[in-house]
Amino acid sequence: TASATASASVAPAPSSSTCTASSAERSGFDIARAIVRTEGVRGLWRGVGPTLLYFGPNSAVWWLTHETAKSSIGQRAKCAADHPAVLTLSGALAGLNATLATNPLDVVKTRMQCAEAPTSAMRVVRGVMREAGWSGFYAGVIPRLWAAVPRSIFAVLAYEQSVALCRVSNTRDASEQG
């Protein structure tokens with residue numbers, strides 16, 4: 001997907017910004033310089049594997065939830081599936097479900113990116129289990145939800161409006177040709 005391609009090409013940005021949040025006294029540039037100094041340029045892409053693996057399940061859960069909820073809510077409310085209230089609810093549910101389903105992958109990715117030295121995903125998983133058990137994979141879920149749900153609502157509204165505009169344009173083009 002476009003998100004996965006973008007993440008692979010700009011992996012240093014998420015890696016250093018994620019770690020900046022846990023090291024408030026250092027800038028992203030300071031962290032990036034330290035990574036390059038100790039691990040080389042390749043170290044800037046630490047955690048890109050889990051990031052890419054995160055996008056598939058996240059996108060699948062998001063789209064499945066959005067499309068299913070849009071149809072179901074529209075039928076139950078007896079209104080069109082493209083009604084803004086229906087789309088707002090389907091977007092919120094999509095963001096909620098995708099975040100809850102993929103938070104464990106996000107925890108692993110973040111820990112890999114912020115580790116003092118390169119580490120494997122399996123080592124991170126074992127460390128989370130040892131430190132906090134299964135609940136450790138939901139660390140940070142509330143802030144992620146606060147970001148993901150509104151972003152998801154706006155994404156759904158923008159996407160569905162764009163689709164509607166394309167339909168209008170295609171209908172207009174077809175009538176002019178016919």
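These legends accompany several close-up views of a predicted model.

**View 1. Confidence across the predicted model.**
The protein has an average pLDDT of 85, and 82% of its residues reach at least 70. Helix 6 has the highest confidence, at 96, whereas helix 1 (residues 2-9) has the lowest, with a mean of 45. Residues 4-11 stay under 50 in pLDDT, and the model gives them 11 contacts beyond four places in sequence. Another stretch, residues 13-17, is also below 50, and it has 7 contacts in the model beyond near neighbours in sequence.

**View 2. E160 and K70, a link between helix 7 and helix 4.**
In this view E160 and K70 form a salt bridge, and their closest N and O atoms are 3.1 Å apart. E160 is in helix 7 (residues 141-177) and K70 is in helix 4 (residues 48-77), so the pair ties together parts that are 90 residues apart in sequence. E160 is buried, with a relative accessible area of 10%, and K70 is buried as well, at 13%. Look for E67 too: E67, K70 and E160 are joined in a network of salt bridges.

The side chains of D106 and R144 form a salt bridge, 3.6 Å from N to O. How many salt bridges does the model have? The count is 6.

**View 3. The two faces of helix 6.**
Helix 6 (residues 121-132) is 12 residues long and spans 16 Å from its first C-alpha to its last, close to the 16 Å expected. Which residues of helix 6 are buried? They are V124, G127 and V128. Seen down the axis of helix 6, the buried residues fall within an arc of 100 degrees, so they line one face of the helix. The face turned away from this buried side carries the exposed residues R123, R126 and R130. Just after helix 6 comes G133, with a positive phi of about 70 degrees.

The buried residues of helix 6 pack against helix 5. The largest nonpolar core has 6 residues, namely V107, V108, M112, V124, V128 and F137. Helix 5 and helix 6 are the elements that give two or more residues to this core, and helix 5 gives the most, with 3 residues. For a closer look, pick out V124: beyond its neighbours within four places in sequence, V124 is in contact with V108, R111, M112 and T119.

Technical notes
Residues numbered from 1 in each chain as written. Predicted model: local features only at pLDDT ≥ 70, side-chain atom pairs only at ≥ 80, totals over all residues. Heavy atoms only, no water. Salt bridge = Lys/Arg side-chain N within 4 Å of Asp/Glu carboxyl O. Helix = DSSP H or I, 4+ residues; strand = E, 2+ residues; numbered from the N terminus. Buried < 20%, exposed > 50% of the residue type's maximum accessible area, 1.4 Å probe, protein only. Expected span 1.5 Å × (residues − 1). Arc of directions from axis to C-beta. Contact = heavy atoms within 4.5 Å. Core = buried A, V, L, I, M, F, W, Y, C linked by side-chain atoms within 4.5 Å. pLDDT = per-residue confidence, 0-100.
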